[in-house]
Amino acid sequence: MDFNMKKLASDAGIFFTRAVQFTEEKFGQAEKTELDASFENLLARADSTKNWTEKILRQTEVLLQPNPSARVEEFLYEKLDRKVPSRVTNGELLAQYMAEAASELGPTTPYGKTLIKVSEAEKRLGAAERDFIHAASINFLTPLRNFLEGDWKTISKERRLLQNRRLDLDVCKARLKKAKAAEAKAATVPDFQETRPRNYILSASASALWNDEVDKSEQELRVAQTEFDRQAEVTRLLLEGISSTHVNHLRCLHEFVESQTTYYAQCYRHMLDLQKQLGRCPLGSPGSQAQFPGTFVGTTEPASPPLSSTSPTTTAATMPMEPSVAGQAPPGEAALCLEEVAPPASGTRKARVLYDYEAADSSELALLADELITVYSLPGMDPDWLIGERGNKKGKVPVTYLELLS
């Protein structure tokens, strides 16, 4: 290998003088050229932007992929410039397990039917999550990562170069200061009575040498000052570009919010559809009574008043439902009050409660695990629901929470 020894020695000398200058500045033994206040503010703003961008990027990655092992794997694939293999989301995996469980436990049983319905909903949730992760990665993570790996690296490189130019400038200032001090000392008029002529000649020669050294130092200082000013201007332009970076990140943040809003809206719709399939819906939602299959319609008796309170939520929960099967009452007919429903003369059974159940409204009966209740069905009821009685309390109960006894 062909080495340029002169260049190598020159670079080593420059590095050494910079190291000496930097060390003396740290110990307060050398003067340091200070940057103006506006430049310092730009530097602080850029550092703050970089630090918070890193934190937001890392935490967003955690949000999209909570598994640290999976994140490390994706990072390695990215560094190796290879395509990340498709990964099954947690919702899709849960859907797969539920579908397999329903197939093995019996798809025709109430539990199996519910497992199938929930698995289909979880599969749709998993697909929505996959779309959200993809959109967030492209529209939000990629611009943040491009800033850290592109623009910020350029800024850091120019800042290091500016630091070196400043050290060179301060070295030249210190060298000029020493040369002027030595020149002043050498220019002192000697005492001819005590100084020999030979020493006077040497003193005059030294004065001339220091004059040359001062001229050389001044020339080096002018060159160093010019390079420092040029590099400071380049660095300032890059730091001022942080404002445009903020504008770009703001646009990406809006797109991330839009993606997240779409994702949660899809999840809400999927879960609302699932509640409709299971015969339940949240109180206060539009058409909530139409979602309760246990609302008893189909008689020609006059409408009964609401069950209890007059709050908007309860009123919405007792609105008449539209007929879904042939033979039910027309849309204008109201729901029957549970207290007015008499149990059939025959057909009541005992049932053991498998799990705790919290009633969604006053038309349902809250359950405690392992308690025994009396249950029966009425014509036109959804097969997933029964009427349960415990003492003087009565209400709808889900079949999946019960073990029917003989």
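Reply: Arg58 is partly exposed, with a relative accessible area of 46% (buried means under 20%, exposed over 50%, partly exposed in between, with a 1.4 Å probe and protein chains only). This is a predicted model, in which local features need pLDDT of at least 70 and side-chain atom pairs count only at pLDDT 80 or more, while totals for chains, interfaces and linings use all residues. Residues are numbered from 1 along each chain as its sequence is written, and side-chain values use heavy atoms, leaving out hydrogens and water.

Arg58 pairs with Glu61 in a salt bridge, with 3.8 Å between the closest N and O atoms; the term requires a side-chain nitrogen of Lys or Arg within 4 Å of a carboxyl oxygen of Asp or Glu. Glu61 and Arg58 are three residues apart in helix α2, which separates them by about one helical turn (helices, H or I with at least four residues, and strands, E with at least two, are DSSP runs numbered from the N terminus). Arg145 joins Arg58 and Glu61 in a network of salt bridges.

Across the whole structure, 15 salt bridges are found. One of them joins the side chains of Arg236 and Asp36 at 3.0 Å, N to O. This pair links distant parts of the chain, 200 residues apart: Arg236 is in helix α6 (residues 197-240), and Asp36 is in the loop between α1 (5-26) and α2 (37-64). Arg236 counts as buried at 19% relative accessibility, whereas Asp36 counts as partly exposed at 35%.

Asp370 forms a salt bridge with Arg352, and their closest N and O atoms are 3.0 Å apart. Asp370 lies in the loop between β1 (349-353) and β2 (372-376) and Arg352 in strand β1, so the pair ties together parts 18 residues apart in sequence.
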